[in-house]
Amino acid sequence: MSELEKEVIYEVNLFRSDPSAYAEKYIAPLAQYYDKKILHYPGDKSIMTQEGVSALRECVRFLKNASPAPIVYPDKLLTKAANDHQKDQSKTGRTGHIGKDRSDSKARIERYGKWQVRIAENIAYGNTSARQIVIFLLIDDGVKNRGHRANLLQADFKKIGVACGTHPRYSTMCVMDFAGGMENQ
């Protein structure tokens, strides 16, 4: 695992251990860096959002009432599945959850093992730090059902696989695959 991938797992667990405190300390202060729909992320490149500061404020309100979730542990099988998708999109420049071979996250995870309880996948594009990756998935700007946030809060998830790397259009990308558990086939 790269340092960034380790930091992403740490950041996910920092958030899951106390969503309310995380929102107050790390997300709420970012409101001051919006200029209409552009977030001038401190110490990093600016990002065009779809919803502007309203998505951030909605996220903070939601997380203030969210319950902590158990920490997630790195899993080699999920990491292989995440790595497959990251490598694929680093070559194709595509975005989203469907690979060039038409695989979805379930098919990629099942290549390596049998999952338990439930699975999910989050992908972040263009972020350069673990904190920025997690914060933008929590805000989930432009995603009506806030599915990335729901995945990060899902108490059933006990395992995570992370693969971060380059992307031809967005410079960087990070894939996170989650499961309740994993077994070798």
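At 33% relative accessibility, glutamate 110 counts as partly exposed, the classes being buried for under 20% relative accessible area, exposed for over 50% and partly exposed in between, with a 1.4 Å probe and protein chains only. The structure is a predicted model, in which local features need pLDDT of at least 70 and side-chain atom pairs count only at pLDDT 80 or more, while totals for chains, interfaces and linings use all residues. Residues are numbered from 1 along each chain as its sequence is written, and side-chain values use heavy atoms, with hydrogens and water left out.

Glutamate 110 forms a salt bridge with lysine 106, with 3.3 Å between the closest N and O atoms; a salt bridge is defined here as a side-chain nitrogen of Lys or Arg within 4 Å of a carboxyl oxygen of Asp or Glu. Because the two residues are 4 residues apart in helix H5, about one helical turn separates glutamate 110 from lysine 106, and lysine 106 is likewise partly exposed, at 39% relative accessibility. Helices (H or I, at least four residues) and strands (E, at least two) are DSSP runs, numbered from the N terminus.

The structure holds 11 salt bridges, among them one in which the side chains of glutamate 51 and arginine 146 meet at 2.8 Å, N to O. Glutamate 51 lies in the loop between strand E3 (47-48) and helix H3 (53-64), and arginine 146 in the loop between helix H6 (130-139) and helix H7 (147-153), so this pair ties together parts that are 95 residues apart in sequence. Glutamate 51 is partly exposed, with a relative accessible area of 29%, whereas arginine 146 is buried, with a relative accessible area of 13%.

A salt bridge also joins aspartate 101 to arginine 111, the closest N and O atoms being 2.6 Å apart. This pair links distant parts of the chain, 10 residues apart, with aspartate 101 in the loop between H4 and H5 and arginine 111 in the loop between H5 and strand E5 (114-125). Aspartate 101 counts as exposed at 52% relative accessibility, while arginine 111 is partly exposed at 39%.

Lysine 100 lies in the loop between helix H4 (76-92) and helix H5 (105-110) and is exposed, with a relative accessible area of 57%.

A search of the whole structure finds 1 disulfide, a term that denotes a pair of cysteine sulfur atoms within 2.5 Å. The disulfide joins cysteine 164 to cysteine 174, with an S to S distance of 2.4 Å. Since cysteine 164 lies in strand E6 (residues 159-167) and cysteine 174 in strand E7 (residues 171-183), the pair ties together parts that are 10 residues apart in sequence. Both cysteine 164 and cysteine 174 are buried. Cysteine 59, by contrast, is in no disulfide, and the nearest cysteine sulfur, that of cysteine 174, is 18 Å away; cysteine 59 counts as buried, at 0% relative accessibility.

Backbone angles were also examined. Most residues other than glycine have a negative phi. Lysine 36, a residue other than glycine, has a positive phi near 55°; lysine 36 lies in the loop between strand E1 (34-35) and strand E2 (38-39) and is exposed, with a relative accessible area of 74%. Serine 171 has a positive phi of about 75° although it is not a glycine, and serine 171, which lies in strand E7, is partly exposed, with a relative accessible area of 43%.
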